[in-house]
Amino acid sequence: MKRAMKIRTLRRALKRAQSYSAWLRNAHELDTLLELDRWRRSPDSNVYNAKSLAEHISRLKGYRLSGSIGALQEFLPESLYQNLSALNSETLYRGAHAGTKDLVVDYFKEAVEGIDYLADTDNPSWSEQEKLNRFRQAQESFGRTALLLSGGATLGYYHLGVAKALWQEGLLPQVISGSSMGAIIASSICTRANSQLGSWFDEAIFAPGKSLELQGLLDAAKTRSLLDQTVLRESLGRAIPDLTFHESFTVSGRVLNITVSPTRGRQKPRILNHRTAPDVYVIDACLASAAVPGLFKPVTLKKKTRSGRRVDYLASERWSDGSLTGDVPKKRLSRLQNVNHFIVSQTNPHVLPFIHASSGLGPARRLATVTGEFLRGQTKAFLATGRQLVDGSGLESLVKSAESFMTQDYGGDITIHPSFDADLYIRMFSNPSPDVMARFILEGQRSTWPMVEQIRLQTAIGRALNGAIARIIRRQQRP
């Protein structure tokens with residue numbers, strides 16, 4: 001009885017934790033009570049070959065300690081190629097609350113130490129420039145991680161908590177993408193230097209102010225939209241510095257990507273970033289990405305000229321909500337930014353129930369996953385048929401948008417989402433008070449904490465390569 005009560009107490013403590021350290025401490029204690037720590041200590045798994053993995057760790061360590069640079073240089077990429085696919089399996093991160101198998105942790109730790117050793121050890125046959133070239137090739141081959149922030153109206157403020165939790169653990173990716181509300185949060189982060197983010201995250205609960213306000217009937221009829229866009233623009237001006245995409249990249253070093261959708265028919269959504277639209281103003285891109293049809297009017301993007309003037313960008317084009325057709329644009333990010341690992345923070349209300357249900361364990365999760373896929377398939381078939389029936393009419397574009405909205409892939413390799421709560425929908429189109437913002441941020445953090453160790457390990461190699469390249473460049477720049 002005491003054990004059962006203690007387990008219930010610890011589960012409640014996990015849900016109510018105020019910091020990651022408190023959450024992790026309770027998670028370890030819960031794992032001990034449930035004997036899940038034995039699972040972590042046991043090297044055996046049906047996901048990987050434990051004997052082979054242990055042998056790889058031993059060889060990596062042996063080469064490093066003996067100074068066998070050539071052997072380590074040859075074996076490390078081979079080992080990563082053989083093991084990473086299995087070690088990124090979601091199964092390995094669902095067996096316990098506080099982390100995965102100790103053997104998996106040991107492998108990533110030794111792989112990172114091997115990368116650091118190769119980067120920082122003098123090698124007569126390998127100049128610093130050759131070393132830099134090799135590490136850049138490895139980085140290009142390995143790919144990048146991106147954080148994708150979905151739409152979701154006011155629910156998107158949860159993204160602040162997700163990003164804050166990752167930033168506090170040193171895990172916030174360099175590449176961040178946002179659609180609709182996610183674009184606003186992504187821009188708020190990517191227009192600030194790292195040194196500014198700590199205080200900004202603490203003050204973010206006061207940032208939004210009033211951003212949503214109904215228009216008068218005449219203005220609503222004239223613009224065919226319910227909400228006053230000037231109020232939203234003023235709110236964005238308080239939260240986001242007035243920078244172009246190129247300027248934001250220069251300030252933060254992070255790659256900001258915003259999805260927008262052209263209003264003309266047969267046009268695909270676009271990703272705006274410091275390469276595809278360097279001179280476009282970030283605030284205008286956010287305004288366009290958040291322009292949900294019927295709520296806000298479409299937007300003409302603005303760009304900065306060489307003389308500093310603000311002029312129209314593609315003056316004949318109008319842009320609207322990026323979430324409708326490109327909520328989490330994984331394929332385009334893969335092409336544009338060499339991203340192959342996606343962390344998705346998902347708050348879209350129409351997918352939250354399915355994502356929440358499918359994130360559980362056992363038969364319930366499998367049933368939810370199968371049900372969700374079935375409904376997606378049926379919806380896609382229904383809308384595809386409808387699109388053929390209205391082909392060539394004014395309704396074709398509308399049906400096509402609905403098809404994309406309902407059937408696109410809303411998840412990632414790692415998907416973070418808030419706990420599904422019906423009262424969230426009531427707050428979707430309201431201006432959050434500081435108290436509500438504080439709740440959004442804390443709940444976003446709590447949703448992220450169970451994923452932290454998985455993210456830490458699955459991004460360890462990429463972060464090690466980034467760090468190695470940065471150190472080599474700094475050494476080259478020394479007088």
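Guide: Let us begin with a term: a residue is called exposed when its relative accessible area is over 50%, buried when that value is under 20%, and partly exposed in between. Please keep in mind that this is a predicted model. R38, with a relative accessible area of 52%, is therefore exposed, whereas E35, at 43%, counts as partly exposed.

Visitor: In what kind of contact do the side chains of R38 and E35 meet?

Guide: The general idea is that side chains of opposite charge can pair when their charged atoms come close. In this structure, the side chains of R38 and E35 meet in a salt bridge, with 3.8 Å from N to O. By the rule used here, the count comes to 21 salt bridges.

Visitor: Which parts does the pair of E110 and R64 tie together?

Guide: E110 forms a salt bridge with R64, and their closest N and O atoms are 2.7 Å apart. Since E110 lies in helix α6 (residues 102-120) and R64 in helix α4 (residues 50-66), the pair ties together parts that are 46 residues apart in sequence. Both E110 and R64 are buried. Elsewhere, salt bridges that share partners join D116, D120, E128, K131, R471 and R475 into one network.

Visitor: Which residues form a positive surface patch?

Guide: For a patch, one looks for like charges on residues that have over 30% relative accessible area and no salt bridge. Here R8, R11, R12, K15 and R16 form a positive surface patch. One of these residues, K15, lies in helix α1, which covers residues 2-16, and K15 counts as exposed because its relative accessibility is 65%.

Visitor: How many disulfides does a search of the whole structure find?

Guide: A disulfide requires a pair of cysteine sulfur atoms within 2.5 Å, and a search of the whole structure finds 0 disulfides. C190 is in no disulfide, as the nearest cysteine sulfur, that of C286, is 10.0 Å away. C286 is likewise in no disulfide, its nearest cysteine sulfur being that of C190. C190 counts as buried because its relative accessibility is 0%, and C286 is buried with a relative accessible area of 0%.

Technical notes. Residues numbered from 1 in each chain as written. Predicted model: local features only at pLDDT ≥ 70, side-chain atom pairs only at ≥ 80, totals over all residues. Heavy atoms only, no water. Patch = residues over 30% accessible without salt bridge, like charges linked within 9 Å, V, L, I, M, F, W, Y side chains within 5 Å. Areas by Shrake-Rupley, 256 points an atom, 1.4 Å probe, with all protein chains shown as cover. Salt bridge = Lys/Arg side-chain N within 4 Å of Asp/Glu carboxyl O. Lys, Arg positive; Asp, Glu negative; His and termini not counted. Charge placed at Lys NZ, Arg CZ, Asp CG, Glu CD. Helix = DSSP H or I, 4+ residues; strand = E, 2+ residues; numbered from the N terminus. Buried < 20%, exposed > 50% of the residue type's maximum accessible area, 1.4 Å probe, protein only.
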